[in-house]
Structures are given as C-alpha cells and as structure tokens.
Amino acid sequence: MEISDQLLCLFNAEVTVSDDEYVVRVPTSEIEAGAVDPGEVYRVALIERDDDGASADSSSDAASSGSTPATGDATGGGPQPPVEEGEIRYVEIEDIGKQGDGIARVERGYVIIVPDVEIGDRVKVEITQVKSNFAVGETIEDDADA
C-alpha cells in the first residue's frame, strides 16, 4: 500500500449535521500531537465503511478513541510515535482493513499496517514508514518461518 508523505493523520470520525453544515470532528489527540493546527485548511479524504459497520481502514482506531498514540520527547518537540523507521518488531495481526492489509496494535493502541498477512498471524516486521498515529511494516519473517 502506498501512503503519501503528505498524510498528516488518520482517524475515524462520524459525519454529523450542525445547522446547515455537515461536520467531521478532528479528535483532540490530533491537535495535541501537532498533526493538525486549528484555523488551517486541509484536504480531507473520506473512506467508506464495510457493510458490517467495521471501519473501511481499521488502522485509524487509535486516534478515534481519543488516546494519543505517541509519547512526548525530551526535547519538547512534541509527541513521537513509539516506533522508528527501520525498527524490527514482532506483532500479532488483530484485524484486516478493507484493502486487505493487516492491522497490528502496539503501545497505547498505535497502529502498524502490514500487507499480505491474515488475522492471528504473528510476524516479524521491519517498519518502513512512520506517521503520527500509524506506521507501515513489511513482513521479514512469520512464526511458520521460525
């Protein structure tokens, strides 16, 4: 899955009606994490949900729950994801997004998207992309290989 370097955040939100406007609320965690700034204009992409009500791309559950999937850094530069590009992690796939990618969660619900896996797989992944509230990892070994 290709993820644009311009993607600032990813979260689930309900479209509501307020007066004569349709509203998508940005979670406070995205503002606190520094992903978006109030008063700025952003492009918004909406992804449909599955028929069963599950998120079309379940990778955004951490942000929609209000939990901040990051920790503050000592330099005062703001929250940082709990993983780094190039880091090796062992993860268990908890869900599959609509596009077929595996979803794993690590510290504080931070999401790692892993292609070509199944629910329940335990895999060794290398983190290839890191965003404010999710990362992408490539499988380098699964429990069948061990």
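Predicted model: local features only at pLDDT ≥ 70, side-chain atom pairs only at ≥ 80, totals over all residues.
Local features were taken only at pLDDT of at least 70, and side-chain atom pairs only at pLDDT 80 or more, whereas totals for chains, interfaces and linings use all residues. Residues are numbered from 1 along each chain as its sequence is written, and side-chain values rest on heavy atoms, with hydrogens and water left out.

The protein contains 2 helices and 10 strands. These elements are DSSP runs numbered from the N terminus (helices: H or I, at least four residues; strands: E, at least two). Their order from the N terminus is β-β-α-α-β-β-β-β-β-β-β-β. Of the 146 residues, 31% count as buried. Here buried means under 20% relative accessible area, exposed means over 50%, and partly exposed lies in between (1.4 Å probe, protein chains only). The protein exposes about 9100 Å², with 45% supplied by carbon and sulfur atoms. Areas come from the Shrake-Rupley method with a 1.4 Å probe; for residues, only the protein chains shown count as cover. Among contacts (heavy atoms within 4.5 Å) with a separation of 6 or more, 51% join residues 24 or more positions apart.

Strands S1 (residues 15-18) and S2 (residues 21-24) run antiparallel and are joined by 4 bridges. Pairing requires at least two DSSP bridges between the strands. Val-17 stands opposite Tyr-22 in S2. The hairpin has 2 residues between its strands, and Asp-19 takes a positive phi near 60 degrees. Val-17 and Tyr-22 also belong to a nonpolar surface patch, together with Val-15, Val-24, Val-44 and Leu-46. A patch takes residues with over 30% relative accessible area and no salt bridge; like charges are joined within 9 Å, and nonpolar side chains (Val, Leu, Ile, Met, Phe, Trp, Tyr) within 5 Å. The accessible area of this patch is about 660 Å². S1 and S2 each give two or more residues to the nonpolar patch. Leu-46 sits in the loop between helix H1 (28-32) and helix H2 (61-64). Leu-46 counts as exposed because its relative accessibility is 65%.

The largest nonpolar core has 13 residues, of which Val-83, Val-91, Ile-93 and Ile-112 touch the most other members. Strands S8 (111-114) and S9 (122-130) each supply at least two residues of this core. The largest share, 3 residues, comes from S9. A core is a set of buried Ala, Val, Leu, Ile, Met, Phe, Trp, Tyr and Cys residues joined through side-chain atoms within 4.5 Å. Leaving aside neighbours within four places in sequence, Ile-93 contacts residues including Ile-103, Val-114, Val-117, Ile-119 and Val-123. Another core, of 6 residues, lies apart from the largest one; among its members are Leu-10, Val-111, Phe-134 and Val-136.

The structure holds 4 salt bridges, each with a side-chain nitrogen of Lys or Arg within 4 Å of a carboxyl oxygen of Asp or Glu. Arg-89 and Glu-107 meet at 2.9 Å, N to O. Arg-89 lies in strand S5 and Glu-107 in the loop between strand S7 (102-105) and S8, so the pair ties together parts 18 residues apart in sequence. Arg-89 is buried, at 15% relative accessible area; Glu-107 is partly exposed, at 32%. Arg-122 and Glu-92 meet at 3.5 Å, N to O. This pair links strand S9 to strand S5, 30 residues apart. Glu-92 is partly exposed, with a relative accessible area of 37%. Arg-105 and Glu-94 form a salt bridge of 3.0 Å, N to O.
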